[in-house]
Amino acid sequence: MKNALSVDVEDWFCVHNLSDVIKKEEWTKCEQRITINLTRILDILDEKQIKATFFVLGWIAEHYPDLVREIDDRGHEIATHGLSHTLLTQLTPELFDEELKRSIQLIEKSTRNNVIGHRAPSFSIIEETYWVLDILAKHGLKYDSSVFPVSFHPDYGVPDAPLGPYKITEKVWEFPLSVVKILGRNIPISGGGYFRIFPYRFIRYGIRKANLEGRPVVFYLHPWEIDPHQPKVKLPPLKRFRHYYNLDKTEQRLRKLLDDFQFTTIREVLDL
Ligand SMILES: [Zn+2]
């Protein structure tokens, strides 16, 4: 079974987990690591002959148009990760509409295909923000991949969401972030911090289980997660753990994952 591979294209300082320490106005003053890290991921994917979906932040498309062109030239799918990495719970429908439109314009300046997919910052499509779905359709988007079927996280989660791809509205597909049910609880196996914190064997078990149950998974990764040399900032213990744990092991684990399973773009898995 083919699974979907996705990369959220943002730099280390764009992360919500660091937003108390680094303000948006300071982003341009931070050490930029996106080019080196993204190029590394593109090289690994070329080596493994795998195509992926890249959810590009509008801010990145604005500051690094050549990087977006490079992703496009290498044959990957490009989708939107919004404009400013503001959680949807902090935006009004009007502001979201404007930010989404701008992000698509910025991305499409450097790509050949139209954007058809969206991922919200920090998976912030929860029941209270389902109003975004009609706005996605209004801008021609065909799928979203932001719903996380978990109940334990303070910022995100739709505990009773379906576990495989489904039509969340008449016009929009949802590819929920992948979990497996173990002892009645949904456990994430889909990437990011979970990929760095859980043993690789568990991730492999989870993906195999989902595939055996007939569901493709969507895996996600951030360029800064393969970068143990990024600048370190002072964070409270839990946030520090989430951001910095096992950064030096991610690339090696990613290579294993790409050898153990078949991956392609979300667009291809959903057949859109
Ligand atoms: Zn993000």
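A cavity is a set of points, on a 1 Å grid over the protein atoms alone, where a 1.4 Å probe fits but cannot get out. This is a predicted model, in which local features need pLDDT of at least 70, side-chain atom pairs count only at pLDDT 80 or more, and totals for chains, interfaces and linings use all residues. Residues are numbered from 1 along each chain as its sequence is written, and side-chain values use heavy atoms, without hydrogens or water.

**View 1. The zinc site.** E10 (OE), H81 (NE2) and H85 (NE2) coordinate the zinc ion at 2.0 to 2.1 Å. Donors are N, O and S atoms within 2.8 Å of the metal (3.2 Å for Na, K and Ca). Along the chain they are spaced E-x70-H-x3-H.

**View 2. The largest cavity.** The whole structure holds two cavities of 30 Å³ or more. The largest has about 60 Å³ of space, a volume being the space filled by probe spheres set on the points. It is lined by 13 residues, with G82, L83, L88, F96 and E99 closest to its centre; lining residues have an atom within 4 Å of a point. Helix α4 (residues 93-108) gives the largest share, three residues. Six lining residues are nonpolar, six polar and one charged.

**View 3. The second largest cavity.** This cavity has about 40 Å³ of space. L5, S6, V7, I41, L45, L221 and L254 line it.

How values were computed:
1 Å grid on protein atoms, 1.4 Å probe; cavity = no way out; pocket = protein on both sides within 12 Å on 5 of 7 lines; lining within 4 Å. Helix = DSSP H or I, 4+ residues; strand = E, 2+ residues; numbered from the N terminus. Nonpolar A, V, L, I, M, F, W, Y, C, P; charged D, E, K, R; others polar.
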